[in-house]
Amino acid sequence: MASSSVVVKLASVLIVCMTVIASHIQVSQAASCNAEITALAPCLTYLKASSSSTSSKCCSGCKSLIKTTNTKSKRQAACNCLKSLAAKYKVQASRAQQLPSKCGFSIPYTISTSTDCSKVN
């Protein structure tokens, strides 16, 4: 009886630890998209088709984001964030794909929720 009590206590501690670790990972992943959220917040009215044009703040945020994603791993992380944010904020795909040309920049992949970010160089 004592050994089953120890097992139950150990299992309870293990579950608590796993819960704490899982919540930390989720917070870290959410925090890692802060740059993308900040950069693209001024673009939401355009991306959700509430506005017919991009603002200068939108374009400067995009260009700033491009400058900070200067390695393959950073571009892949940004791509994953953008996919997640596009789904979360219900961004219109055609608007997202037009954003680079509207703001005068280019990126080495198509902006789409179906983009395979692991292939982004």
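Because the model is predicted, local features are given where pLDDT is at least 70 and side-chain atom pairs count only at pLDDT 80 or more, while totals for chains, interfaces and linings use all residues. Residues are numbered from 1 along each chain as its sequence is written, and side-chain values use heavy atoms, with hydrogens and water left out.

## Helix α4

Helices (H or I, at least four residues) and strands (E, at least two) are DSSP runs that are numbered from the N terminus. Helix α4 covers residues 56-68, and its 13 residues should span 18 Å at 1.5 Å a residue, which agrees with the 18 Å between its end C-alpha atoms. The expected span of a helix is taken as 1.5 Å times one less than its number of residues.

Which residues of α4 are buried? They are Cys58, Cys59, Gly61, Cys62 and Leu65, where buried means under 20% relative accessible area, exposed means over 50%, and partly exposed lies in between (1.4 Å probe, protein chains only). An α-helix has 3.6 residues a turn, so residues three or four places apart point the same way. On the other side of α4, Ser56, Lys57 and Lys67 are exposed. The buried residues of α4 pack against α2 (34-40) and α6 (93-103), with contact meaning heavy atoms within 4.5 Å.

## The disulfides

The structure holds four disulfides, a disulfide being a pair of cysteine sulfur atoms within 2.5 Å. With bonded cysteines counted along the chain, the disulfides follow the pattern 1-6, 2-3, 4-7, 5-8. The table lists some of them, including two that involve cysteines of α4.

| Disulfide | S to S distance |
|---|---|
| Cys43 to Cys58 | 2.0 Å |
| Cys59 to Cys103 | 2.0 Å |
| Cys79 to Cys117 | 2.0 Å |

The link of Cys43 and Cys58 is right-handed, with 105° about the S-S bond. Cys43 lies in the loop between α2 and α3 (44-47) and Cys58 in helix α4, so this pair ties together parts that are 15 residues apart in sequence. Cys43 is buried, with a relative accessible area of 0%, and Cys58 is likewise buried at 0%.

The disulfide of Cys59 and Cys103 has a torsion of about -70° about the S-S bond, so this disulfide is left-handed. Because Cys59 lies in helix α4 and Cys103 in helix α6, the pair ties together parts that are 44 residues apart in sequence. The relative accessible area is 12% for Cys59, which is buried, and 6% for Cys103, which is also buried.

For Cys79 and Cys117 the torsion about the S-S bond is about -70°, so their disulfide is left-handed. Cys79 lies in helix α5 (residues 72-88) and Cys117 in the segment after α6, so the pair ties together parts that are 38 residues apart in sequence. Cys79 counts as buried at 1% relative accessibility, and Cys117 counts as buried at 3%.

Cys62 is buried, with a relative accessible area of 4%.
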